[in-house]
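Please read them with the structure open.

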Amino acid sequence: MNNKKKRVRAIDSLVKACIKKEWFSGALEAAKLGASQKVIDSLVETFIKKGWLSEALETARLRGRGLTTEEIDSLVEAFISERWFSGSSEAAKPEGKKFTAKEVDPLVETCINKGWLSNALEAAKLGASQKAIDSLVQTYINSGWFSKVLEAAKLGASQKVIDSLVKIFLKKGWSPEALMAAKLGASQEAIDSLVEACLKERWLAGALEAARLGASQKVIDSLVEACIKKGWLSEALEVAKLGASQKAIDSLVEACVNEKWFSDGLEAAKLGASQK
């Protein structure tokens with residue numbers, strides 16, 4: 001027996017001993033040193049039975065290929081059982097490990113297909129692709145499960161999905177939630193709709209916060225006008241700085257003069273001068 005075979009045999013013995021003693025972190029570390037394919041498969045199977053997502057994925061890498069469809073199904077089912085029935089969530093924590101979307105996406109998809117939406121979110125946190133995250137967000141929307149939809153979107157949803165989320169929240173009259181969604185990367189069109197909705201609801205603080213995300217000049221001008229009407233000249237000035245038109249700036253300067261807010265009036269006038 002050559003040295004290489006002796007080493008593999010010794011490592012295999014160490015991995016098996018660690019598994020027998022239920023020292024699984026040691027078994028994984030030992031396997032990384034060069035265990036045989038058979039022993040690595042055995043360790044993958046052990047982690048699958050325990051529902052340990054991150055460890056199963058990490059061990060599967062050692063054999064040069066990902067998990068099979070059958071292994072994914074078994075892993076997800078064991079994962080659900082471990083979390084739901086034993087109450088233990090420690091085994092499912094990624095603990096800083098990084099996985100590829102190719103490894104994680106099948107787990108997310110399987111959970112979605114089985115209706116295990118909470119667990120799909122936990123799987124997605126391991127490093128799902130934008131496509132898988134979008135699918136999860138859309139599934140939450142279709143299921144009416146809005147308590148988790150923002151958490152899922154924060155993982156990296158596309159602008160298209162974020163915009164649809166802003167639109168849905170506004171339709172439901174949930175402006176604060178729409179604002180939180182917009183902060184994830186909404187388009188200017190969605191931001192404009194949000195600012196206008198906040199103005200209709202007379203929620204000027206929300207409108208101002210939304211405008212800072214990147215509203216159009218037309219909407220910024222509307223917000224400047226609304227602040228002037230409320231007598232919120234300092235806020236109107238802050239909004240004008242976002243890119244108000246000369247006409248809106250002139251209105252603000254005039255309002256500041258009428259209220260004898262000469263310092264703010266001068267600052268507003270300088271905004272107009274910078275546009276010339």
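1. A contact here means heavy atoms within 4.5 Å. Among contacts in the protein between residues at least 6 apart in sequence, 53% join residues at least 24 apart.

2. On the basis of the numbers: this is a predicted model, in which local features need pLDDT of at least 70 and side-chain atom pairs count only at pLDDT 80 or more, while totals for chains, interfaces and linings use all residues. Residues are numbered from 1 along each chain as its sequence is written, and side-chain values use heavy atoms, with hydrogens and water left out.

3. The protein has 17 helices and zero strands; helices (H or I, at least four residues) and strands (E, at least two) are DSSP runs, numbered from the N terminus. Its radius of gyration is 28 Å, well over the 19 Å that the globule rule gives for 276 residues, so the protein is more spread out than a compact globule. The radius is taken over C-alpha atoms, and the rule is 2.2 Å times the number of residues to the power 0.38. Along the principal axes, the C-alpha atoms fill a box of roughly 95 × 40 × 25 Å.

4. Of the 276 residues, 47% count as buried. Buried means under 20% relative accessible area, exposed over 50%, and partly exposed in between (1.4 Å probe, protein chains only).

5. Which residues have the most contacts inside the largest nonpolar core? They are Val15, Val137, Val166, Val195 and Leu223, in a core of 94 residues. Such a core is a set of buried Ala, Val, Leu, Ile, Met, Phe, Trp, Tyr and Cys residues joined through side-chain atoms within 4.5 Å. Helix H12 (residues 188-200) gives the most to this core, with seven residues. Leaving aside residues up to four places away in sequence, Val195 touches Ala207, Ala210, Ala211, Ala215, Val219 and Leu223.

6. Helix H2 (residues 24-31) is mostly covered, with six of its eight residues buried. These are Phe24, Gly26, Ala27, Leu28, Ala30 and Ala31. The buried residues of H2 pack against helix H1 (3-20), helix H3 (37-50) and helix H4 (53-61).

7. Ile19 sits in helix H1 and is buried, with a relative accessible area of 19%. Not counting residues up to four places away in sequence, Ile19 touches Phe24, Ala27, Leu43 and Thr46. Ile19 and Thr46 are 27 residues apart in sequence and 8.3 Å apart in space, C-alpha to C-alpha.
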